[in-house]
Amino acid sequence: MSVAITSPEFKQNATEALADPQLQAALAKAGPGFVGKRRDAIAKLPEFDALRDSVRDIKNHTLAHLDLYLERFEEKVREAGGQVHFAVDAAEAREIITGICQRLDARTVTKSKSMVSEEIGINDHLAAAGITPVETDLGEYIIQIRGESPSHIIAPAIHLNKDQVEADFRRVHTDLPADRDLVEPTALLAEARGELRQRFLAADVGLTGANVLVAETGAAVIVTNEGNADLTQTLPKAHIVLASIEKLVPTLEDAHQLLRVLARSASGQDMSVYTTFACGPRRALDPDGPGEFHVVLLDNGRSAMLGGTLKEMLRCIRCGACMNHCPVYQSVGGHAYGWVYPGPMGSVLTPAMIGIDKGANLPNASTFCGRCEEVCPVRIPLPKLLRHWRQQEFERHLTPAPQRYGLKLWAFLARNGWLYRPATRLAMRALSLFGRDKGRFASMPLAGGWTATRDFPAPEGDTFQAQWRARKAAGTTSRSPAP
Amino acid sequence: MTSTPSSRDTVLASVRRALGVTSREAPRRQEVEARLASHPAGVIPARAQLPPAERLELFKAMALGAASSLDHLASAAEVPGAIAAYLSTRDLPLKLLRGADPRLAALPWSSAPQIDVWIGPSDGRQPVGLSHAFAGIAESGTLVLFSGADNPTTLNFLPDHHLVVLEAKDVVADYETAWARVRAQFPDGQLPRAINMITGPSRSADIEQTLLLGAHGPRSLHVLLVGAPS
Ligand code: SF4
């Protein structure tokens, strides 16, 4: 389904998420697993940090020459008998894909997981044209039958537990015996496999994303663990690859620099089970494979990002590590972010794609702890980019008035040191009166949004400046300020 | 339907505007051509940079670690017998589907006459598929397979059991070495329709992030490793 934008209601979404015991249990269960698996995989690869630098440099080089690599990629796909379609925006990408399906009289389209397909909302569009989209990644299949959207870019059903999946399968798979045993997760997997096997064989068109596009050979590289992208692209009459323009790398070797950090960052695997280089339609002597091969190259605002501060975001390889390590994501889950891309990467991308007017709340969904930047395999300075949006938001006067006045007051005081010190000291006294006994506040005037789900630490002593002066006088500062 | 020329031009013009370039700067073109021609390897982990025998042991360990199973056979003559043993210990029908690969055709099938061998792509009804790998990659225990009549791609994904013959001499250290061999095999740059890198049997962790084997692809991946490293 296409995702309705609820990003402007982030606060409301987050409050509801925090109060949802089922979601909280699912997040608590999944989060630590991702962190541990990534850590273990990286511990076994001493070259991991060098690979990160390498991939960052490859991506920077490719982006700086993106026009030329796009041309080369297009030429190579054509030589192999495929077609390349450029789409300026989501609407055009939807038209192109639906047009190919209609020309082939397609009734069903199998899909492997693709966040870009969520970004353009292709499923609703296909359905409106009388074409049935069938999600085949297990997690995507589960959320499709629930009428939901993914809550994580690599683990779309991370917000659900096994019992919910069992209930959905019983509700939807009505052709199976009602008294069947679905207690074991393997039984659920086997049931989904059986249901989808027929869909794979019957599909007219297969739609996949691409993790990487290789300019040198015109290959679309698609990575899965389930094998669903391979059945999706091998069996139907046509394979459509939907990929955004920043997925390009120059060469096959470059693709492997990226793949070496991708699986480790995402799932802690050395290599995903299936890494497929799709290089065009079925050849003359091939007994299988799609008769047509199409690549839809989506821009949707990305080319404009190339020229500004957000350029670095275009290195993102969609590994999900930033959300797996984000305290905000781990507390509220992906749906609270209110559009397709959640977590730190989503908070940077969403305002660029749906507009700062709708996405203004997301850059504030950060504690600026910096863990996202620490783990990002392509070294995207996510906190810096979030600050960029906060700045924009402030300048565009979209910040709620109390915050704006508060910041202006602070700026005025900070510029006028003689006022700043007494004013902060006064505020400090007032705060410590509130939180005197416990060292934290369970509630605080004007900050109910903060204290409803966590305590606000109470200042225990004087202001930083006052402490600094006192310690300096006593000779206990470990470093002296620059003269 | 193809995109209107204007969409292509619009996207490329927008990229160039953002980068502050035209399409005509010679140094940019030269840099791109040089990179494509030299395809530098980048950072290659030391893990698999080993003498042949140890490299082969690493391949075996990594393949088993990815939940593949493996028989190491002294020669290709032993393959039919090993397949017969695999099928019977798992109570599978003594039947398999393979492609036209001459290396598979040349196996002494008469040594295991009980196996019924069919040739062609899969339509999903055959429980066992047999392929011949182009290469194995020691770094991650990965198999490299080409599409085509010799080894139809459907055999990699539709059967429950995928059996793959891999010659020990084709086990290389890393992906980069495998691509060098691919380039040598296809000097005109026209690659097979699909190149599949496969690292273990199919799996999913989408239900409560618990890893389960046997998602949409094969439930078992069995490597028939043949011979000694060259
Ligand atoms: S921003 Fe970095 S960590 Fe987050 S998904 Fe993208 S590549 Fe992964």
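Me: How many salt bridges does the rule find across the interface of chain A and chain B?

Reply: As a general idea, side chains of opposite charge can pair when their charged atoms come close. In this structure, which is a predicted model, the rule finds 15 salt bridges across the interface of chain A and chain B. One salt bridge joins the side chains of Arg8(B) and Glu74(A), with a distance of 2.8 Å from N to O.

Me: Which helix supplies the largest share of the side of chain A that touches chain B?

Reply: That share, 10 residues, comes from helix H10 of chain A, which spans residues 185-202. By class, the side of chain A that touches chain B holds 51 nonpolar, 25 polar and 29 charged residues, and between the two chains the count is 47 residue pairs in polar contact, both partners being at pLDDT 80 or more.

Me: How many residues of each chain are in contact, and what area do chain A and chain B bury between them?

Reply: On the side of chain A there are 105 residues in contact with 80 residues of chain B, and the two chains bury about 7600 Å² between them, of which 57% lies on carbon and sulfur atoms. Arg193(A), Glu253(A) and Arg260(A) supply 10% of the area that chain A buries against chain B, more than any other three residues.

Me: Why are Asp49(A) and Arg52(A) separated by about one helical turn?

Reply: The two residues are about one helical turn apart because they lie three residues from each other in helix H3 of chain A, residues 48-64.

Me: Which residues come nearest to the ligand?

Reply: Of the 13 residues around the ligand, those that come nearest are Cys316(A), Cys319(A), Gly320(A), Cys322(A) and Cys376(A). Taken by class, the shell around the ligand has 11 nonpolar residues, one polar and one charged.

Me: Where in chain A does pLDDT stay under 50?

Reply: Where pLDDT is low, the predicted coordinates should not be read in detail. In chain A, pLDDT stays under 50 over residues 433-439, for which the model has eight contacts beyond four places in sequence, and it is also below 50 over residues 475-483, a stretch with seven contacts beyond near neighbours in sequence. Chain A as a whole averages a pLDDT of 87, with 82% of the residues scoring at least 70, whereas chain B averages 95, with 98% of the residues scoring at least 70. For the complex, the predictor gives an ipTM of 0.97 and a pTM of 0.88.

Note on methods: Residues numbered from 1 in each chain as written. Chains lettered and ligands numbered in written order. Heavy atoms only, no water. Near = heavy atom within 4 Å. Nonpolar A, V, L, I, M, F, W, Y, C, P; charged D, E, K, R; others polar. pLDDT = per-residue confidence, 0-100. Contact = heavy atoms within 4.5 Å. Buried area = accessible area lost by both parts, 1.4 Å probe. Salt bridge = Lys/Arg side-chain N within 4 Å of Asp/Glu carboxyl O. Polar contact = N/O pair within 3.5 Å; in protein donor to acceptor, adjacent residues only side chain to side chain. Helix = DSSP H or I, 4+ residues; strand = E, 2+ residues; numbered from the N terminus.
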